[in-house]
Amino acid sequence: MVIAKCQYPENYTLVKNHVFETQPCKNNALTSGLCKFHDPTYLKDTTRKDVEDSFTRMLNDAIKHNKKIRCVGYHLSNIDITGIFTKEVHFDHITFHGKVNFDNSTFEKDVQLSNCVFEKEVSFSGATFNEE
């Protein structure tokens, strides 16, 4: 049985000299054809805890394994992460429907929050940004 991948149309990866190239989403699709992060109705139809837990696991894995974080077009609920991000963190066109907390986190490389919507509070209290 083949599991379909998310059909979100715009997922970009930063390449050298600020040139972007398209890269498809690698997450498994729901019946809508989109993954749970890209489907804007998924948070309304299911518990937000599922999306929160999945996204938190993804971020913690990136922290643990020193991976870049690139998320485009996600719909997220509450995010509460404290960690040391050793690689770039890029969020683009994300709608944060809940509270966002990166208190006391350390960002050693570039952090970009482009075209994001924050519907509730966002906090980077005590966060350290080391990229020049």
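Visitor: Where is the place of Leu34?

Guide: This is a predicted model. In it, Leu34 lies in the loop between β2 and α1. A residue may be read through its position in the chain and through what surrounds it in space. Leu34 and Gln7 are 27 residues apart in sequence, yet their C-alpha atoms are 5.5 Å apart in space.

Visitor: Which residues does Leu34 touch, not counting residues up to four places away in sequence?

Guide: Leu34 touches Cys6, Gln7, Tyr8, Ala29, Asp39 and Pro40 on that count.

Visitor: Where is the place of Asn28, and what is it in contact with, leaving aside its neighbours within four places in sequence?

Guide: Asn28 is also placed in the loop between β2 (19-22) and α1. With those neighbours left aside, its contacts are Ile3, Ala4, Lys5, Cys6 and Cys35. Asn28 and Gln7 are 21 residues apart in sequence, and 9.2 Å separates them from C-alpha to C-alpha. Asn28 counts as partly exposed because its relative accessibility is 39%, which falls between the limits of 20% for buried and 50% for exposed.

Visitor: What does the secondary structure of the protein come to, and how many of its residues are buried, as a percentage?

Guide: The protein has 2 helices and 14 strands. Of its 132 residues, 38% are buried. Among contacts with a separation of 6 or more, 25% are between residues 24 or more positions apart.

Visitor: How should I read the pairing of strands?

Guide: Strands of a sheet pair through backbone hydrogen bonds, and the pairing is either parallel or antiparallel. Here, strand β3 (residues 69-72) is joined to strand β7 (residues 89-92) by 4 bridges, and the two run parallel.

Visitor: In what order do the strands β6, β10 and β14 form an open sheet?

Guide: The 3 strands follow the order β6-β10-β14, with parallel pairing. The edge strands, β6 (84-85) and β14 (128-129), each pair on one side only. Strand β6 is joined to strand β10 (residues 106-107) by 2 bridges, and Ile84 has Thr106 as its bridge partner in β10.

Visitor: Which residues have the most contacts inside the largest nonpolar core?

Guide: In soluble globular proteins, nonpolar side chains tend to be buried together. The largest nonpolar core here has 30 residues, and Phe55, Leu76, Phe91 and Phe102 have the most contacts inside it. At least two core residues come from each of α1 (42-45), α2 (48-64), β3 and β7. Helix α2 gives the most, with 5 residues.

Visitor: What is Leu76 in contact with, leaving aside its neighbours within four places in sequence?

Guide: Its contacts on that basis are Phe37, Leu43, Val51, Phe55, Ile94, Thr95, Phe96, His97 and Gly98. Thr95 has its place in strand β8 (residues 95-96). Because its relative accessible area is 15%, Thr95 is buried. Beyond its neighbours within four places in sequence, Thr95 is in contact with Tyr74, His75, Leu76, Val117 and Glu119.

Visitor: What is the phi of Asn66, and what is that of Asn104?

Guide: Asn66 has a positive phi of about 55 degrees, although it is not a glycine. Asn66 lies in the loop between α2 and β3, and its relative accessible area of 40% makes it partly exposed. The phi of Asn104 is near 60 degrees, likewise a positive value in a residue other than glycine. Asn104 has its place in the loop between β9 (100-101) and β10. Because its relative accessible area is 53%, Asn104 is exposed.

Methods:
Residues are numbered from 1 along each chain as its sequence is written. This is a predicted model: local features need pLDDT of at least 70, side-chain atom pairs count only at pLDDT 80 or more; totals for chains, interfaces and linings use all residues. Side-chain values use heavy atoms; hydrogens and water are left out. Buried means under 20% relative accessible area, exposed over 50%, partly exposed in between (1.4 Å probe, protein chains only). Contact means heavy atoms within 4.5 Å. Two strands pair if DSSP finds at least two bridges between them. A nonpolar core is a set of buried Ala, Val, Leu, Ile, Met, Phe, Trp, Tyr and Cys residues joined through side-chain atoms within 4.5 Å.
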